[in-house]
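Thanks for coming. Please have the sequence and the model open while I talk. I will go from one residue to the whole chain and then to the packing inside.

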Amino acid sequence: MKESLKESLKESEYINSIVRATEILNLYRVKDVKYLGVTDISQELGLHKTSVFRIVKTLEHTGWLVQDAPNGKYRIGAKLIVLSAVSRQQFSIDDMIYREMQLLGQRFNEDIVLTGLVDGYQAVCITKIKSNNALQISSNVGYAIGMTKGSTGKVLLAYLPKEMQEKAIQLDSPDITEEGREALFKTLEKIRETGYCVSTSERDEGVSSISMPLFGRDGRIIYSLGIVGEEHRMTNKGREQMRRALQASIERIQEVLSIV
């Protein structure tokens with residue numbers, strides 16, 4: 001514990017007092033205790049009592065710690081309990097999204113792709129359920145996939161504010177013609193009207209996809225959820241059936257997202 005703290009503080013980009021505060025809060029988990037005093041923390045972390053006292057009093061002032069033991073020691077405050085509950089809810093949402101992706105994958109045996117935004121302007125594959133088809137689709141988790149080609153990226157682009165759309169288009173397709181730009185904006189408008197997007201051979205030849213948006217509680221776009229596969233397989237399995245199944249999954253996820 002002492003060594004990890006010292007190593008952390010060697011890094012110039014870290015704020016020492018915040019590193020120390022997180023180490024103090026983490027100590028309750030490591031020691032598995034309800035109460036800790038300034039002396040306990042000082043000895044465990046190898047910090048001067050004065051420094052520990054100031055950090056602990058700050059954590060108490062902001063609600064992360066509470067001093068209510070007869071001997072003046074501190075316990076975890078309500079803020080951390082609330083944060084823990086929020087974290088558990090978030091994990092349950094992520095689990096639910098992944099479960100819906102698995103169900104879609106089992107039904108259609110095509111890749112199910114969850115795409116999110118990085119820095120507001122870049123579409124990135126967050127997670128993926130792979131099909132067991134011999135012909136695999138080349139989209140890897142963690143990789144940027146673009147926002148002006150393919151349904152997974154265009155769905156995200158469609159629901160961004162105009163100024164963010166402009167920047168995303170410039171980054172993704174700096175050589176786009178005025179005609180291409182006009183066509184793209186018409187496509188984005190159609191996506192907003194219908195609530196989904198279908199694309200074929202836009203990023204990869206012979207690859208088709210259908211995607212829909214997922215919104216946060218504040219109404220902002222957070223993900224696109226899509227079914228991606230070889231063009232002829234997608235046609236034979238029925239894009240309308242895929243759209244309906246995808247819509248049903250989206251509605252179940254949105255119902256949970258709207259109440260957390």
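S92 counts as partly exposed, because its relative accessibility is 38%. On that scale, buried means under 20% relative accessible area, exposed means over 50%, and partly exposed is in between, with a 1.4 Å probe and protein chains only. S92 lies in helix α5. Helices here are DSSP runs of H or I with at least four residues, strands are runs of E with at least two, and both are numbered from the N terminus.

Some ground rules. This is a predicted model, in which local features need pLDDT of at least 70 and side-chain atom pairs count only at pLDDT 80 or more, while totals for chains, interfaces and linings use all residues. Residues are numbered from 1 along each chain as its sequence is written, and side-chain values use heavy atoms, with hydrogens and water left out.

pLDDT is the predictor's confidence in each residue, from 0 to 100. The protein averages 85, and 87% of the residues score at least 70. Over residues 1–10, pLDDT stays under 50. Where pLDDT is low, the predicted coordinates should not be read in detail.

Now the whole chain. The protein has 10 helices and 7 strands. Of its 260 residues, 39% count as buried. A contact means heavy atoms within 4.5 Å. Among contacts with a separation of 6 or more, 54% are between residues 24 or more positions apart.

Next, the inside. A nonpolar core is a set of buried Ala, Val, Leu, Ile, Met, Phe, Trp, Tyr and Cys residues joined through side-chain atoms within 4.5 Å. Which residues touch the most other members of the largest nonpolar core? They are L225 and I227, in a core of 21 residues. Two or more residues each come from α5 (78–108), β3 (111–118), β6 (207–215), β7 (221–230) and α10 (239–257). The largest share, 6 residues, is from α10. A second, separate core has 16 residues, including A21, I24, I41 and I55. In soluble globular proteins, nonpolar side chains tend to be buried together.

Back to I227. Beyond its neighbours within four places in sequence, I227 has contacts that include F108, I112, I210, M242 and L246.

On to the rings. Rings of Phe, Tyr and Trp (its six-membered ring) pair if their centres lie within 6.5 Å; planes under 30 degrees apart count as stacked, over 60 as edge-to-face, and the rest as tilted. The whole structure has 1 aromatic pair. Y159 and F215 form that pair, edge-to-face, at 5.0 Å centre to centre with 80° between the planes. Y159 is in the loop between α6 (151–158) and α7 (162–172) and F215 is in strand β6, so the pair ties together parts 56 residues apart in sequence.

Two rings have a charge over them, which requires NZ of Lys or CZ of Arg within 6 Å of the ring centre and within 35 degrees of the ring normal. The charged end of K162 sits over the ring of F185, 5.1 Å from its centre. R243 lies over the face of Y196, 5.7 Å from the ring centre.
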